[in-house]
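User: I would like to go through this model and ask, for some of the labels attached to it, what each one rests on.
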Amino acid sequence: MSKKIIILNGSPRKAGNTAALTSEFAKGAREAGNTVTEFFLGSMNIHGCKGCFGGGKNPDSPCVQKDDMDKIYPVYKEADIVVLASPLYYWTISGQLKTAFDRLFAVAECDPNYRNPKKESVLIMAAEGHGFEESEHWYDRLEKHLGWKSLGKILCGGVMAVGDIKDKQELKDAYELGKAIG
């Protein structure tokens, strides 16, 4: 059975190492018959969450703020799988990804008990170094809190300049993970 996949790419570089990983993942996922929609958050107009608890009144546009999140909400709600993709910035995900993910709370506000929709997920990251422990800690706790199921993590260290990722095993791993979904 095909699945709907949303990729939230928090890298500001559309042709960077994180994008190379998401491209391979998406290629494998599409070959397996899945639908993939990727959002490059760095080029979108997305404001930070206000913590107002005012969302959830309109399921089609759940947040009180009106910005590019309105493009993401319908795809997110329909998605079976959420891919969180980011370069490693100071031992965690980028601000672009964190900002967008925080705003997904407006979808939970549509439920009277603030339940998030149940999803499967993937973490994809690229970094100059190899210290992914803080990001993995955050991701693992997030999955547990949301009641989501992680399908895997692709963590590629040693890649700083655009193109450093060429010929890295993690590209093949990303493709294979995408291909395995179906």
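User: Which residues lie nearest the centre of the largest pocket, and how many residues line it?

Analyst: This is a predicted model, and in it the largest pocket is lined by 19 residues, of which Leu88, Tyr89, Ala126, Ala127 and Glu128 lie nearest its centre. The volume of this pocket is about 330 Å³, and its lining divides into 10 nonpolar, 7 polar and 2 charged residues.

User: Why is Pro87 called buried?

Analyst: Buried is the word for a relative accessible area under 20%, and Pro87 has 11%, so Pro87 is buried. Pro87 lies in strand 3, which covers residues 81-87.

User: What makes a residue count as a contact of Pro87, and which residues are in contact with it once neighbours within four places in sequence are left aside?

Analyst: The criterion is heavy atoms within 4.5 Å, and with those neighbours left aside Pro87 is in contact with Gly10, Ser11, Pro12, Thr18, Thr92, Ile93, Ser94, Met125 and Ala126. For Ile124, which is 37 residues apart from Pro87 along the chain, the separation of the two C-alpha atoms is 8.4 Å.

User: What lines the second largest pocket, and which helix gives the largest share?

Analyst: Its lining consists of Lys98, Phe101, Asp102, Leu104, Phe105, Tyr114, Asn116, Trp138, Leu142, His145 and Leu146. Two elements, helix 3 (95-103) and helix 5 (133-146), each give two or more residues to that lining, and the largest share, 4 residues, comes from helix 5. By class the lining has 7 nonpolar, 2 polar and 2 charged residues, and the space in this pocket is about 220 Å³.

User: Which residues of helix 6 are buried, and what puts them on the same side?

Analyst: The buried residues of helix 6 are Leu171, Ala174, Tyr175, Leu177 and Gly178. Because they cover an arc of only 160° around the axis, they lie on the same side of helix 6. These buried residues pack against helix 1 (17-31), strand 4 (120-126) and strand 5 (149-156), whereas the face turned away from the buried side carries Lys172 and Ala180, which are exposed, a word that stands for a relative accessible area over 50%.

Conventions:
Residues are numbered from 1 along each chain as its sequence is written. This is a predicted model: local features need pLDDT of at least 70, side-chain atom pairs count only at pLDDT 80 or more; totals for chains, interfaces and linings use all residues. Side-chain values use heavy atoms; hydrogens and water are left out. Buried means under 20% relative accessible area, exposed over 50%, partly exposed in between (1.4 Å probe, protein chains only). On a 1 Å grid over the protein atoms alone, a cavity is a set of points where a 1.4 Å probe fits but cannot get out, and a pocket is an open set with protein on both sides within 12 Å along at least five of seven lines; lining residues have an atom within 4 Å of a point. Grid points are joined across faces, edges and corners, and a volume is the space filled by probe spheres set on the points. Ala, Val, Leu, Ile, Met, Phe, Trp, Tyr, Cys and Pro count as nonpolar, Asp, Glu, Lys and Arg as charged, and the others, Gly among them, as polar. The arc is that of the directions from the helix axis to the C-beta atoms.
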